[in-house]
Amino acid sequence: MKTVIIHIGTGKTGTSSIQNYIANNRYDLVNNWALDYIDYGLDDYKYFNERMVAHYPVAEWLLVGDMKNLINMKKAIDNSPCSTVLLSCENFYHSLCSTQISLLSEVLKTFNVIVVCYVRRQDFAAESAWKQQIRVGLEKVPFKVFIKKHKDRSRLSKVQLNYFRMLAPWEQVFGKKNIKLRIFQKTSFVGGDLLHDFFSTIGLPNAYEPVLECHEDSNKSLSSGLIELIRVINELSLVSKANHHSLVNVIESSSASFSNIPLLDIQDRRDIIENYSEVNEKLFNKYKCNDETMEFNISDIF
């Protein structure tokens, strides 16, 4: 039976790096490892000077119930010469609810399905998410306002960084044994490398070859000062949405020097880690494999 790997993110866990490497080395992976990053429903475009190669259309088809395209995708998987087919998109995690996940399961019911999900310590994830949302014009509130919800236990039923809650519908539909949870931190990666870890997780540990074309440097981290400048521009609506992209490109390419003051102090990090501690413990206990120890490294909180 053919296997379909559904890589669902999460956001800010090296998803673009994985996608770019696989897209750049598709010929080798198809011919030598029978792994197909299937073309149908795959977008390949530049977004804020970063290459995005992901199945965004597939997520959209699921959201609107576009059965014609979903059935054609299923046919494309059937017709692939490879034994393993990969679908990858952060929006699978961030946008789909149980109804759409069930629809995806129905479309893929003739295949063996494995769901791969990387999770990042919530204080790091929140920092990166705020920066990215400011950068692309989707957010305008100060970081101190944005971060409050991640210190509030009463918000755990709503926030997407509650990975235990977010994975529940995936487990309900595909089964716990088919959920492969990975921690986005170097000390947890197989071989200390994200790509090696990903290929090991999907059962192809030798498919990653660093001598092949490397992944592009995606989602570069920007200084807190530069992000604050963009946030103020967003807050004051100084440019239209149509011109936001161009303005950000000009700012980022300038030679101006911006401060990089830490967004979170030690107490902030402790508060966030404590807020998520109970749901993280449930998460790691549920999805650990055999005697594997799964936990976020908190030694670098200081």
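Guide: A residue is called buried when its relative accessible area is under 20%, exposed when that area is over 50%, and partly exposed in between. By that cut-off arginine 182, at 12% relative accessibility, counts as buried. Please keep in mind throughout that this is a predicted model.

Visitor: Where is arginine 182 placed?

Guide: Arginine 182 sits in strand β7, which covers residues 179-183.

Visitor: Which residue does arginine 182 meet in a salt bridge?

Guide: The partner is aspartate 197, and the N to O distance between the two side chains is 2.7 Å. Since arginine 182 belongs to strand β7 and aspartate 197 to helix α10 (residues 194-201), the pair ties together parts that are 15 residues apart in sequence. Aspartate 197 is buried as well, with a relative accessible area of 0%.

Visitor: And which backbone oxygen does the arginine 182 side chain reach?

Guide: The side chain of arginine 182 reaches the backbone oxygen of serine 188, at 3.2 Å. If residues up to four places away in sequence are left out, the residues that arginine 182 touches include Cys117, Tyr118, Val119, Glu292 and Met294.

Visitor: Is cysteine 117 buried or exposed?

Guide: Cysteine 117 is buried, with a relative accessible area of 0%, and cysteine 89 also counts as buried, at 0% relative accessibility.

Visitor: What about threonine 10, where does it lie?

Guide: Threonine 10 lies in the loop between β1 and α1 (15-24), and it is buried, with a relative accessible area of 2%. Apart from residues up to four places away in sequence, threonine 10 touches Thr15, Glu90, Tyr93, His94, Cys117, Tyr118, Val119 and Tyr163. Cys117, Tyr118 and Val119 are also among the residues that arginine 182 touches.

Visitor: Back to charges, then. How many salt bridges turn up in the whole structure?

Guide: A search of the whole structure finds 17 salt bridges. One of them joins aspartate 78 and lysine 74, whose closest N and O atoms are 2.8 Å apart. Both residues lie in helix α4, four residues apart, which is about one turn of the helix. Aspartate 78 counts as partly exposed at 38% relative accessibility, and lysine 74 counts as partly exposed at 22%.

Visitor: Which residue does lysine 109 pair with?

Guide: Lysine 109 meets glutamate 106 in a salt bridge, at 2.8 Å from N to O. Here lysine 109 counts as exposed, at 58% relative accessibility, while glutamate 106 counts as partly exposed, at 45%.

Visitor: Let's switch to helices. Which residues of α6 are buried?

Guide: In helix α6, which covers residues 98-107, the buried residues are Gln100, Ile101, Leu104, Ser105 and Val107. They cover an arc of only 160 degrees around the axis, which puts them on the same side of α6.

Visitor: What covers them?

Guide: The elements that cover the buried residues of α6 include β1 (3-7), α3 (56-64), α4 (67-79), α5 (91-95) and α9 (163-174).

Visitor: Last topic, the rings. How many aromatic pairs does a search find?

Guide: A search of the whole structure finds twelve aromatic pairs. One of them, between tryptophan 130 and phenylalanine 143, is edge-to-face, with 5.2 Å from centre to centre and 65 degrees between the planes. Tryptophan 130 lies in helix α7 (residues 122-135) and phenylalanine 143 in helix α8 (residues 143-146), so this pair ties together parts that are 13 residues apart in sequence. Tryptophan 130 is buried, with a relative accessible area of 1%, and phenylalanine 143 counts as buried at 6%.

Visitor: Which arrangement do phenylalanine 198 and phenylalanine 199 form?

Guide: Phenylalanine 198 and phenylalanine 199 form an edge-to-face pair, at 5.8 Å centre to centre and with 80 degrees between the planes, and both are buried. Together with Tyr21 and Tyr208, these two phenylalanines form one aromatic cluster.

Definitions and conventions
Residues numbered from 1 in each chain as written. Predicted model: local features only at pLDDT ≥ 70, side-chain atom pairs only at ≥ 80, totals over all residues. Heavy atoms only, no water. Buried < 20%, exposed > 50% of the residue type's maximum accessible area, 1.4 Å probe, protein only. Helix = DSSP H or I, 4+ residues; strand = E, 2+ residues; numbered from the N terminus. Arc of directions from axis to C-beta. Contact = heavy atoms within 4.5 Å. Phe/Tyr/Trp six-rings, centres within 6.5 Å; stacked < 30°, edge-to-face > 60°. Polar contact = N/O pair within 3.5 Å; in protein donor to acceptor, adjacent residues only side chain to side chain. Salt bridge = Lys/Arg side-chain N within 4 Å of Asp/Glu carboxyl O.
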